[in-house]
Amino acid sequence: MHFIIKICLTAAVFMTLAFSNANAEIFYIEDQDGRFSVSFPDLWRITSNMKPDDQLTVVGPGENNLAVCRVRVREEGRFKIYPQTEYADEIQKLAVSRDFWDSYLGQYDNYVIEAMKDEKGVGRGYASMVEATYRTNEGVVADKHGLMFASLYGDRVYIVECSAQEKHFENWRNAFMGIVKSVDFEKAFGGEQQGHYRDFTDDDSVRIQSDDHNGVYKF
């Protein structure tokens, strides 16, 4: 992982019970490997990642009620042939929708999807989101409530997952949304759209001299 970390002073406070000052310092992180950036209050701290596709994991301050947010990045090349700037909404529904979340939440026990929506947004991409309850089965076993977004952008799936103990989730909801909204992706599209090709039908013929056949071929 290669992080670029910046600290800035902002009046846009992440709304949690732990923050009452008019100004707060914010960590701004650019992940060069994952090609994304994210901001979070400086009282949150970076902790160890748990899964191979975890790029960044941060935990809440103080009595954090197991409050955690993480950004996961997965390679996904199946949709590169399609012009994502034109079909991004439809690609999102194919790549990251209900089936995706059923598979994703299958890592936990007793999961229940309380809400699922397509055509949301995270970073520069279309995203789906779920709100779900579940029980963790690794590390600290706990009943949790999570808010999760997934977006396919370029050749990667970005997953932003924030959760806390189920009974304390509402205390953290606004803070979680502040972190989710800060996520951005490195621009993947510019100039010609992916899947769009130059009109070559009016180009001059290509002449190739063939020594083997003593002829000139035109293409």
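With a relative accessibility of 18%, asparagine 65 counts as buried, because the limit for a buried residue is under 20%. The model is a predicted one. Asparagine 65 lies in the loop between β5 and β6. Its phi is near 55°, a positive value in a residue other than glycine. Most residues other than glycine have a negative phi. Asparagine 110 also has a positive phi, near 55°, but this residue is found in strand β7. At 59% relative accessibility, asparagine 110 counts as exposed, because exposed means over 50%.

The chain contains 3 helices and 13 strands. Of its 219 residues, 42% count as buried. The accessible surface of the chain comes to about 12,600 Å², and carbon and sulfur atoms account for 47% of that surface. Among the contacts with a separation of 6 or more, 51% are between residues 24 or more positions apart.

Seven of the strands form an open sheet in the order β4-β5-β6-β10-β9-β8-β7, with antiparallel pairing. Strands β4 (45-46) and β7 are at the edges; each has a single partner strand, so one side of each is without a neighbour in the sheet. Within the sheet, β6 and β10 are paired in the antiparallel sense over 8 bridges. One of the residue pairs here is valine 73 with its bridge partner in β10, tyrosine 158.

Strand β8 (residues 125-135) is mostly covered, with 9 of its 11 residues buried. On one side, β8 pairs with β7 (residues 109-122) in the antiparallel sense over 9 bridges, and isoleucine 113 stands opposite alanine 132 of β8. The strands β7 and β8 form a hairpin with 2 residues between them. Glycine 123, in the turn of this hairpin, has a positive phi of about 60°. Strand β8 is also joined to β9 (residues 143-153) by 9 bridges, and these two strands run antiparallel. In this pairing, arginine 135 stands opposite aspartate 143 of β9.

Helix α3 covers residues 169-182. At 1.5 Å a residue, its 14 residues should span 20 Å, and the end C-alpha atoms are 20 Å apart, which agrees with that value. The helix bends by about 30° at alanine 175. The buried residues of α3 are Phe169, Trp172, Ala175, Phe176, Ile179, Val180 and Ser182. An α-helix has 3.6 residues a turn, so residues three or four places apart point the same way.

In soluble globular proteins, nonpolar side chains tend to be buried together. The largest nonpolar core in this model has 29 residues, and those with the most contacts inside it are Phe36, Trp44, Val122 and Phe176. Two or more residues each come from β3 (36-41), β5 (54-59), β6 (68-75), β8, β9, β10 (156-165) and α3. The largest share, 6 residues, is given by α3. A second, separate core has 17 residues, including Ala95, Val96, Trp101 and Tyr104.

Conventions:
Residues are numbered from 1 along each chain as its sequence is written. This is a predicted model: local features need pLDDT of at least 70, side-chain atom pairs count only at pLDDT 80 or more; totals for chains, interfaces and linings use all residues. Side-chain values use heavy atoms; hydrogens and water are left out. Buried means under 20% relative accessible area, exposed over 50%, partly exposed in between (1.4 Å probe, protein chains only). Helices (H or I, at least four residues) and strands (E, at least two) are DSSP runs, numbered from the N terminus. Two strands pair if DSSP finds at least two bridges between them. Contact means heavy atoms within 4.5 Å. Accessible areas come from the Shrake-Rupley method with a 1.4 Å probe; for residues, only the protein chains shown count as cover. The expected span of a helix is 1.5 Å times one less than its number of residues. The bend at a residue is the angle between axes fitted to the seven residues ending there and the seven starting there. A nonpolar core is a set of buried Ala, Val, Leu, Ile, Met, Phe, Trp, Tyr and Cys residues joined through side-chain atoms within 4.5 Å.
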